[in-house]
Amino acid sequence: KLKHSTQFMFEIFACLSSVERRSAVSYKLQLRDSENNQLEANYYLSSTAQPDLVAGKYYRLIGKMTGSSFHCFKLKEVPYMETRNAMSLIKQSEISMSKLILQINEKLVRLRVSDTDW
C-alpha cells in the first residue's frame, strides 16, 4: 500500500502575514506570496537561535506539506536585497517543479496501469 508513497521537502519564500504562538516550541504562521495567495504554516522551534518573526518581512522556510498546511522545520529571514533574487528563483523553481510533478504523475499512472495488468 505504501510502496508508491513519497515525502518531499520544500524550500519556500514567503511574506509573513501574521504569527500566533501556540506553545513554547511552536508557532502558527500565516504566509502570503507576491500574488497574495495564503498558506498556513506550523513552525517548530529547534535548538538553534531563531530569527524574530515580524509580519511584513520575507522568510525562507524549509519543510513539508501535510494536507493543506506547511510544516516548517527551518526558517530564515530573507534580507531585503535578496528579495528580488528570491522572486527570480521562485519563478525558475515553479517551472522546474511543474515539470517534475508532471513526470512523477506520468510514472505513477504507468505504475498503476502495470499493477492492474497482473
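Q: Why is Y27 called buried in this predicted model?
A: Happy to start there! Y27 has a relative accessible area of 15%, and buried means under 20%, so Y27 counts as buried.

Q: What makes Y43 count as buried?
A: The relative accessibility of Y43 is 2%. The cut-off is under 20%, so Y43 counts as buried too.

Q: Why is the aromatic pair of Y27 and Y43 called stacked?
A: Two values settle this one. The ring centres are 6.4 Å apart, and rings pair if their centres lie within 6.5 Å. The angle between the planes is 25 degrees, and planes under 30 degrees apart count as stacked. Y27 and Y43 therefore form a stacked pair. The structure holds one aromatic pair.

Q: Which parts does the pair of Y27 and Y43 tie together?
A: Y27 belongs to strand β2 and Y43 to strand β3, so the pair ties together parts 16 residues apart in sequence.

Q: What makes up the largest nonpolar core?
A: Twelve residues do: A14, L16, Y27, L29, L31, A41, Y43, Y59, L61, F70, C72 and L75. Two or more residues each come from β1 (10-21), β2, β3 (38-44), β4 (58-66) and β5 (69-77). Apart from this core lies another, of five residues, including C15, Y58, V78 and A86.

Q: Which residues does Y59 touch, not counting those up to four places away in sequence?
A: Y59 touches I12, F13, A14, L16, D52, L53, V54, L75, K76, E77 and V78.

Q: How do you know that β3 and β5 pair?
A: Strands pair if there are at least two bridges between them. β3 and β5 have four bridges, in the parallel sense, so they pair. As one example, N42 has H71 in β5 as its bridge partner.

Q: What makes β4 and β5 a pair of strands?
A: The cut-off is again at least two bridges. Eight bridges join β4 to β5, so the two strands pair. They run antiparallel, and R60 has K76 in β5 as its bridge partner. In the hairpin of β4 and β5, two residues lie between the strands, and G67 takes a positive phi near 65 degrees.

Q: Where is confidence lowest and where is it highest?
A: Helix α1 (residues 80-117) is lowest, at a mean pLDDT of 75, while strand β2 (residues 26-32) is highest, at 91. The mean pLDDT of the protein chain is 80, with 87% of its residues at 70 or more.

Technical notes
Residues are numbered from 1 along each chain as its sequence is written. This is a predicted model: local features need pLDDT of at least 70, side-chain atom pairs count only at pLDDT 80 or more; totals for chains, interfaces and linings use all residues. Side-chain values use heavy atoms; hydrogens and water are left out. pLDDT is the predictor's confidence in each residue, from 0 to 100. A nonpolar core is a set of buried Ala, Val, Leu, Ile, Met, Phe, Trp, Tyr and Cys residues joined through side-chain atoms within 4.5 Å. Buried means under 20% relative accessible area, exposed over 50%, partly exposed in between (1.4 Å probe, protein chains only). Contact means heavy atoms within 4.5 Å. Rings of Phe, Tyr and Trp (its six-membered ring) pair if their centres lie within 6.5 Å; planes under 30 degrees apart count as stacked, over 60 as edge-to-face and the rest as tilted.
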